[in-house]
Amino acid sequence: MGFAKRIIPCLDVKDGRVVKGVNFVGLQDAGDPVEIAQKYNAQGADELVFLDITASAEGRGTTIEMVRQVAKEVFIPFSVGGGISSLDDMYNLLNAGCDKVSINSAAIKNPALIEEGAKRFGSQCIVVAVDYKRVGGVGEFGARDCVIGRESMGATSPWHIFINGGRVDTGKDLLEWCREIYERGAGEILLTSMDCDGVKKGYDKAGIEAVNAIAPLPLIASGGAGCMQDFADVFGYGADAALAASVFHYGEIGIGELKSYLKARNISVRI
């Protein structure tokens, strides 16, 4: 059955609190990060992701303190992202106790940061978060449409990469960027469909399949979980891990119950 599929709650952190929105806006308070992390640890989550969604230089100390507190209380791997723009930032967070760092805007602005981080800390520590949105036509687009090999690929996909919490369209093509992430030595891609985020109508099949075909890295799918079947579906699309927030934060889906559901459908999960 291969590697077990991972279930990963995502905690978006703003001003030291966990928040949740829809399509990246309309944020509501969802609780204390350390308490929520402890709860997910006890429920059997495989990993956690913390994203400091309004990170700035002055907020860095708070994030490091939060990482220390979480590392004391939680015994599963966790990643931290938001405002990481240098090897020093990575070092400080990893040293405070997280297992992986997630870079997004900084990787777009300075792609060499991916390989520098992978060389210094190991590929397994470097997650590149990719927020993407459809800007092309509405037709079906999937793995079969990818031309493997960057020189012949061009900007073929209907998706662009967005940064700064989804506010800025970089104009970069999703597939070209994911291929570059792979070539620069990242350990994992955290792929978030902005179109699906918070809508609870399922993960983005076309985007996940297309990225999987172009960048053979472990893929964490994010954006769209609304029911247990959505998790079963996303593993069928080729995701290695499924990340979700509101369905877990608001108790709509229990992690133990979800894993039993997946296991009953012959999906390999750790129980």
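How much accessible surface does the protein have, and what share of that surface belongs to carbon and sulfur atoms? The total comes to about 11,400 Å², with 49% belonging to carbon and sulfur (Shrake-Rupley method, 1.4 Å probe; for residues, only the protein chains shown count as cover). This is a predicted model, where local features need pLDDT of at least 70 and side-chain atom pairs count only at pLDDT 80 or more, while totals for chains, interfaces and linings use all residues. Residues are numbered from 1 along each chain as its sequence is written, and side-chain values use heavy atoms, leaving out hydrogens and water.

Of the 271 residues, 54% count as buried (under 20% relative accessible area; exposed is over 50% and partly exposed in between, with a 1.4 Å probe and protein chains only). The secondary structure amounts to 11 helices and 12 strands (DSSP runs numbered from the N terminus: H or I of at least four residues for helices, E of at least two for strands).

Now for the salt bridges: there are 14 of them (a side-chain nitrogen of Lys or Arg within 4 Å of a carboxyl oxygen of Asp or Glu). In one of them, Glu-47 pairs with Arg-6, with the closest N and O atoms 2.8 Å apart. Glu-47 sits in the loop between α1 and β4, and Arg-6 in strand β1, 41 residues apart. Glu-47 is buried at 7% relative accessible area, and Arg-6 is buried at 11%.

Another salt bridge joins Glu-115 and Arg-184 at 2.1 Å, N to O. This pair links helix α5 to the loop between α7 and β10, 69 residues apart. Glu-115 is partly exposed at 26%, and so is Arg-184 at 25%. Shared partners also tie Arg-6, Glu-47, Lys-100 and Glu-188 into one salt-bridge network.
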